[in-house]
Amino acid sequence: MSDEEDCPPLCDMDTTVEDSNGEDDEWEIAEEQNDPVKCLFCESISPTMTVAIRHAKQQHDFDLAGVRRRFHLDEYSYIKMINYIRREKPGPEQFKTATGSSLPWADDKYLQPVENETWLMFDLDELDEIMLNNGGGSIGSDGVSGEKDNGNDIGDTMTLTTDQYRKLQGIINDLTAQLREKENLLQHAASSIEKMKESFRNVLAEQQQPNGKGDEESPGGDKKLEQIKRKLEHCVSSVSVDDDQSYFNTYSHFGIHHDMLSDEVRTSSYRDAILRNADIMKDKTVLDLGCGTAILSMFASKAGAKEVISVDQSDIIYQAMDIVRKNNIDNIRFVKGRLEDTELPVEKVDVIVSEWMGYFLLFEGMMDSVIYARKQYLREGGLILPNRCNISIAGYGDLERHNEFIGFWKNVYGFDMSCMKKEVLREATVEVCRPEHIITNANIIANFDLMEVDVDCPNFSYAFELKVKRDAQLTALIGYFDTFFELPEHIEFSTSPYSRPTHWKQTIFYLEEPVPVKDGQTINGKFVCRRDPKDVRSLFINIEVLNMVLKYTLN
């Protein structure tokens, strides 16, 4: 349920009240009708609906708000009840004994009004406001009022100043937000408890296995699968599918697929790697991991693959099925699910192809799934495309952009918002960087061979040395990656600022203030990358440089 459904919006109220003296400090919350209102149970006439509701409560022990709650009245059932009272003239005591299963006004004939009835004009949504304005009252479980607040007239109208009402509204909003936060924490705690229970059960199971015997004897390789999963601790497979669903939901939208498919560097590189090396695809079983619109699956089919298994947890897979059918391709089989929690229709595959790279290469943690696929499904001697990637960093000096993005907070329409700067700086940004602002050489800080890496590969550090190429102001360090298909027909592409822009752009780690650097100067530092312990798809970055320790997140 969305937040909007969780918490009904507060009613809009006109805060402008005109009076002859020009004084508007205090105002009635509920607008009143001027039509006289006849009591539901006697001949008394009240000047307004508020007075009529108060009269029914005080003189006849009939609490409309309590009755509404007890019988769950909506607009239609309220209309029926009012018409029933007018036609049948029941006593107010009947509303204490009626039950929800046999309401006397349930018949649709009571939708027909008896007369021009002011009670039928009343908006039930205003009832809570009227009760608040009248000081409320204790309501019993039978829906009728309890004691009269120690004899005081609880029906006296209460007026609030604009400031008082706004404070009350703020308190309600704060309490609602706190309640929602507590509910989220409780859900997270319940999930954590279940994970702890599962881990404890695994430990007990391991202790009960004598010297690990029986692993090879287990039918269907279930033990081997569990061993692989246990080795993949604190990676994507350690997160429940429900907790991970928000990641896949982002790929259910068409805009992101348009961005990826229209990225010619990305898509044509995969196409060329597959089609120009068709001999390695011919008559092979191919796994397309995170298939999306199935573009890579169709390339593999066109290259002569015997069968393509296309896996995706996102709902985009349903469009992929239509696309494949539209193109009359019959050797692609779709599997909806997260690979780590899904059984494929084949035991082994010859080739794994996947476009798994995120911003700064490692963001989104999809490399975990490629590693899982390699360990669980790739045949000995099989291939992964692409098979190698690396990450580089370089010094950047764009004063204009730094002032636009970081200096912006010093003067926002005349207001100083520089207190925002610290949090803004913590978020690494993704932008297209202009090559003329690169002021140092680049260092390759990490290499990843997909046939060898394990799931701890996002946790790395590198001592870098960046050589300054000209006098300039250092405003940031930037990161980018290169991707390699090391095949007979070699294909590679780069997300460097010197290359054609891609949808990955570059990742920028801004400094708080520009730092002057000189031609020939060496900038020494340490780059440390770690998984976010609370979100395995996100990253923490620490950079030690120029006597500063800078902390960033990619999430």
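Student: Which residues does Ile543 touch, not counting residues up to four places away in sequence?

Tutor: The model is a predicted one. In this model Ile543 touches Phe464, Leu477, Phe509, Lys526, Phe527, Met548, Val549, Leu550 and Tyr552, with residues up to four places away in sequence left out of the count.

Student: What makes Ile543 stand out in the largest nonpolar core?

Tutor: That core has 84 residues, and Ile543 is one of the four that touch the most other members, together with Ile391, Phe448 and Phe527. Helix α15 (residues 367–377) supplies the largest share of the core, 6 residues.

Student: Why is this core said to lie between domain 2 and domain 3?

Tutor: Domain 2 (244–355) and domain 3 (388–554) both contribute residues to the core, so it lies between them. Another core, of 27 residues, lies apart from it and includes Val37, Ile53, Tyr78 and Ile85.

Student: What makes helix α3 (residues 64–71) count as mostly covered?

Tutor: Of its 8 residues, 6 are buried. They are Leu64, Ala65, Gly66, Val67, Arg68 and Phe71. Just after α3, His72 takes a positive phi of about 50°.

Student: Why is Phe415 called exposed?

Tutor: The label requires a relative accessible area over 50%. Phe415 has 58% relative accessibility, and therefore it counts as exposed. Phe415 is placed in the loop between α16 (399–405) and α17 (421–426). With Tyr413, Met417 and Met420, Phe415 forms a nonpolar patch on the surface, and the accessible area of these residues together is about 500 Å².

Student: How do you know that Glu264 and Arg500 form a salt bridge?

Tutor: The cut-off is a side-chain nitrogen of Lys or Arg within 4 Å of a carboxyl oxygen of Asp or Glu. For Glu264 and Arg500 the closest N and O atoms are 3.1 Å apart, and the pair forms a salt bridge. A search of the whole structure finds 19 salt bridges.

Student: Why is this pair said to tie together parts 236 residues apart in sequence?

Tutor: Glu264 lies in helix α11 (residues 264–275), whereas Arg500 lies in the loop between β15 (491–494) and β16 (506–517), so the pair ties together parts with that separation in sequence. Glu264, at 45% relative accessibility, counts as partly exposed, and Arg500, at 52%, is exposed.

Student: What places Arg325 and Asp322 about one turn of the helix apart?

Tutor: Both residues lie in helix α14 (residues 316–326) and are 3 residues apart, which is about one turn. Arg325 is exposed at 54% relative accessibility, while Asp322 is partly exposed at 40%.

Student: Is Lys421 buried or exposed, and why?

Tutor: Buried means under 20% relative accessible area. Lys421 has 8%, and therefore it is buried. Its salt-bridge partner is Glu513, with the closest N and O atoms 3.2 Å apart. Glu513 lies in strand β16 and Lys421 in helix α17, so this pair ties together parts that are 92 residues apart in sequence. Glu513 counts as partly exposed, at 39% relative accessibility.

Student: Which residues are linked in a network of salt bridges?

Tutor: Arg271, Asp272 and Arg276 are linked in such a network.

Terms used
Residues are numbered from 1 along each chain as its sequence is written. This is a predicted model: local features need pLDDT of at least 70, side-chain atom pairs count only at pLDDT 80 or more; totals for chains, interfaces and linings use all residues. Side-chain values use heavy atoms; hydrogens and water are left out. Patches are made of residues with over 30% relative accessible area and no salt bridge: like charges are joined within 9 Å, nonpolar side chains (Val, Leu, Ile, Met, Phe, Trp, Tyr) within 5 Å. Accessible areas come from the Shrake-Rupley method with a 1.4 Å probe; for residues, only the protein chains shown count as cover. Helices (H or I, at least four residues) and strands (E, at least two) are DSSP runs, numbered from the N terminus. Buried means under 20% relative accessible area, exposed over 50%, partly exposed in between (1.4 Å probe, protein chains only). A nonpolar core is a set of buried Ala, Val, Leu, Ile, Met, Phe, Trp, Tyr and Cys residues joined through side-chain atoms within 4.5 Å. Domain bounds come from an automatic or database domain assignment. Contact means heavy atoms within 4.5 Å.
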